[in-house]
Amino acid sequence: MEVDEFEPDLATLSSHPAFAPMEGLNYRGRPNVVGVYHGGGGGRSLLFNGHVDTIPLGPIEAWTEGPLSGAVRDDRIFGRGAADMKGGLAAMTVAVQILLEAGVRPRGDIILEYMVDEELTGYGTLACILRGYKADAGISLETSDLCVQPAAIGRLWFTITLSGHAVSISRHWEGVSAIEKGIKIVHAIQGLERMRWADLHHPLYPDNRSALPCSVCMFNAGTFPSALPDRAVLRGSLGMMPYEERKDVEGQVIDQVMHTAQADPWLRKNPPVVEFKKTGGQGAEIPQDHPVVQTVSAAFKYATGTTPTISGRTGGADTRFLIKHGETPTVIFGPGTTSEMHAMNESVPIRNLRIATHTLALAIVDWCGADA
């Protein structure tokens with residue numbers, strides 16, 4: 001393959017409308033690696049996309065085996081990133097390798113992308129797009145439990161800051177506790193979740209609870225046990241349907257918080273401040289009957305003798321860049337299990353690796369065409 005190793009360039013990235021600046025972002029010594037197989041001609045091109053970065057390892061002592069051990073036990077491979085998503089990277093690599101070793105020569109071009117920084121921003125994939133990489137279709141090797149997934153939800157992260165009035169606990173009735181006001185906002189966010197469950201629908205997400213979680217997950221307030229807190233910071237996130245626009249959902253959060261604030265005399269005069277993380281956010285999807293979805297589904301059925309489950313991914317994915325900005329309609333299909341993603345003692349079933357590799361090799365032959 002023709003190999004291209006390059007560090008994402010922040011100056012180039014910052015010119016793209018999908019880029020939002022983030023403090024401390026640095027790609028020195030963190031290259032993307034792209035391999036291109038130039039087909040013999042006459043076939044469709046296929047792009048495989050996967051990320052090499054993982055969440056942090058720790059706590060190290062919580063691992064039965066070391067987080068970088070690659071230990072094999074109970075027909076599983078253990079280690080940080082085994083599911084999310086070193087297993088997917090291995091499957092896409094070996095799928096191409098076994099075809100070439102068997103003397104199969106794909107007609108269409110094949111692009112293998114090993115990118116950085118999916119967990120934080122997704123800008124590794126955006127850098128590949130800005131470098132000119134695109135194809136007639138793509139397959140993202142994110143965790144999918146071997147399901148074929150034409151859609152991925154978006155994720156919106158929010159921070160809500162409230163003020164109170166600090167006094168000594170001995171005169172606490174004369175002050176205003178930011179904790180008590182914050183609890184009202186927590187209940188408001190819970191109410192927003194219930195409204196979104198009732199109002200939003202998608203055929204690939206029959207259970208809105210997993211697609212549209214909405215919760216405050218961090219609550220920080222107070223400086224001393226015997227003083228009323230005058231400030232509270234609430235952080236959380238919510239899931240977005242693939243078809244939702246980020247700005248519309250941001251507006252829903254702001255409206256819900258401010259509606260609650262208007263009903264409280266203190267918060268009405270001291271309104272909460274709502275802010276959003278600027279990176280990530282959008283979901284994305286392609287039609288369920290898109291040819292690449294049909295190709296992967298047929299390959300899976302040939303490899304296993306069973307019909308694959310067609311579902312929506314309940315986590316974010318870099319497909320949002322490939323679909324919306326990269327001119328590459330992309331489906332998600334990977335060996336990793338979502339329940340193992342980011343877990344302690346993360347692992348991937350060896351059986352899943354075999355099935356995924358077999359499926360991807362067949363999909364290449366079907367999509368790209370091939371000469372033996």
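Predicted model: local features only at pLDDT ≥ 70, side-chain atom pairs only at ≥ 80, totals over all residues.
Figure 1. Pro21 lies in the loop that joins helix H1 (10-13) to strand E2 (32-37). The relative accessibility of Pro21 is 68%, and because exposed means over 50%, this residue counts as exposed. Thr279 stands 258 residues from Pro21 along the chain, yet the C-alpha atoms of Pro21 and Thr279 are separated by 7.9 Å.

**Figure 2. The crossing of helices H2 and H10.** Two packed helices are described by the angle between their axes and by the distance between those axes. Helix H2 covers residues 82-101 and helix H10 covers residues 350-368; their axes come within 8 Å and cross at roughly 50 degrees. H2 and H10 are therefore oblique to each other. Their crossing is right-handed.

**Figure 3. Residues in the contact between H2 and H10.** From H2, the contact is made by Gly87, Ala91, Met92, Val94, Ala95, Val96, Ile98 and Leu99. H10 contributes Leu353, Ala356, Thr357, Leu360, Ala361, Ile364 and Val365. Of the residues in this contact, 13 are nonpolar and 2 are polar, while none is charged.

Figure 4. H10 has 19 residues, which should span 27 Å at 1.5 Å a residue.

Methods
Residues numbered from 1 in each chain as written. Heavy atoms only, no water. Axes fitted to C-alpha atoms, helices over the stretch in contact; angles between N-to-C directions. Helix = DSSP H or I, 4+ residues; strand = E, 2+ residues; numbered from the N terminus. Parallel < 35°, antiparallel > 145°, perpendicular 65-115°, else oblique. Left-handed = near helix turned anticlockwise from the far one by under 90°. Contact = heavy atoms within 4.5 Å. Nonpolar A, V, L, I, M, F, W, Y, C, P; charged D, E, K, R; others polar. Buried < 20%, exposed > 50% of the residue type's maximum accessible area, 1.4 Å probe, protein only. Expected span 1.5 Å × (residues − 1).
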